[in-house]
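User: Hi! Could we go through this model together, a question at a time?

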Amino acid sequence: MLHKQSRQIKHFAVLISLLRDRQNFLEEIRQGTGLQSKTTSLFVSSSIFFAIYGGIIGASHSWAQALSGAIKLPAFYLLTLIICFPTLFFFNVLFGSRSSIQQHFVVLLTAVSVISVLLFSLAPVTLFFMITAPDSYQFFKLLNVLVFGITGAFGVKFLYEGMQLLSQQDEVGKRTRTTILRSWLFLYAFVGMQLGWFLRPFFGAPGTKFELFRAVQGNFYLDIVAAMSEIFGFR
């Protein structure tokens, strides 16, 4: 039991070291230091933070939805990463990158971990509005879209800086790789939004039965427009 707790504390310690001194953390990745332990610790700690936030937003509907959200939110971020990762790695290798596949993956995992920490830090705010405005479903949905958008933007910024640092050792094709990275970030965002729509609901509509998955129809953008129209009284 104590051994298990010490391992969990170690996982969080790695994440804290990333937050406190990200420059040194990224430099260690560039040098290939402790990649396996970093991968494991970041994966475990970020999954826990995602699960907590997913459970909170799911609890706005039911305990079953809370459990579903706690499982689906970590899966959502990991699947988005897995789907988009090969594109970034092989294009970078094609244009001169000598960094290993594990170095690329850990850098991407650091960005995902930053997102998980920011979501966890905003969890009390989300919980406050869930308790004080239980009947404002559309507002709660838009609030979470805003939360995911803000945390995602910080994660993307962190990823961009990390990949730029990783590219410092390979001058050949660096400008092309930077262009590829910028394009890839748009791909990552679109894949994430589509996957999130496919895995919905993360928090169910009031008055509806629990659903693990919902039929694929419409799209994310139309749903947001409909939510805003309802809040501002256009429908």
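This is a predicted model: local features need pLDDT of at least 70, side-chain atom pairs count only at pLDDT 80 or more; totals for chains, interfaces and linings use all residues.

User: What percentage of the 235 residues is buried?

Analyst: Buried means under 20% relative accessible area, exposed means over 50% and partly exposed is in between, using a 1.4 Å probe and protein chains only. On that scale, the buried share of the 235 residues in the protein chain is 43%.

User: How are α6 and α7 oriented to each other, parallel or antiparallel?

Analyst: Axes here are lines fitted to C-alpha atoms, for helices over the stretch in contact, and angles run from 0 to 180 degrees between N-to-C directions. Helix α6 (residues 137–166) and helix α7 (residues 174–199) have axes that come within 11 Å and cross at roughly 160°. Angles under 35 degrees count as roughly parallel, over 145 as roughly antiparallel, 65 to 115 as roughly perpendicular and the rest as oblique. The α6 and α7 pair is therefore roughly antiparallel.

User: Which residues of α7 meet α6?

Analyst: Contact means heavy atoms within 4.5 Å. From α6 come V156, L159, Y160, M163 and Q164, and on the α7 side they meet T178, L181, R182, W184 and L185.

User: And how do the residues of that contact divide by class?

Analyst: Ala, Val, Leu, Ile, Met, Phe, Trp, Tyr, Cys and Pro count as nonpolar, Asp, Glu, Lys and Arg as charged, and the others, Gly among them, as polar. For the contact of α6 with α7, this gives 7 nonpolar, 2 polar and 1 charged.

User: Which hand does the crossing of α3 and α5 have, left or right?

Analyst: Helix α3 (residues 35–58) packs on helix α5 (residues 101–132) at an angle of about 25°, with axes 8 Å apart, and the two are therefore roughly parallel. A crossing is left-handed if the near helix is turned anticlockwise from the far one by less than a right angle, and right-handed if clockwise. For α3 and α5, the crossing is left-handed.

User: What is the class make-up of the contact of α4 with α5?

Analyst: Helix α4 (residues 63–94) packs against α5 at about 145°, with the axes 10 Å apart, in a right-handed crossing. Among the residues making the contact are Y77, L81 and F85 of α4 and H104, F105 and L108 of α5. By class, the contact of α4 with α5 has 12 nonpolar, 2 polar and no charged residues.

User: Why is the pair of F128 and F129 edge-to-face?

Analyst: Rings of Phe, Tyr and Trp (its six-membered ring) pair if their centres lie within 6.5 Å; planes under 30 degrees apart count as stacked, over 60 as edge-to-face and the rest as tilted. The structure holds 14 such aromatic pairs. For F128 and F129 the centres are 5.3 Å apart and the planes stand at 75°, so the pair is edge-to-face.

User: Where in the chain is F203, which pairs with Y137?

Analyst: The ring centres of Y137 and F203 are 6.3 Å apart and their planes lie at 70°, so this pair is edge-to-face. Y137 counts as buried at 16% relative accessibility, and F203 is buried at 10%. The two are 66 residues apart, with Y137 in helix α6 and F203 in the loop between α7 and α8 (220–231).

Terms used
Residues are numbered from 1 along each chain as its sequence is written. Side-chain values use heavy atoms; hydrogens and water are left out. Helices (H or I, at least four residues) and strands (E, at least two) are DSSP runs, numbered from the N terminus.
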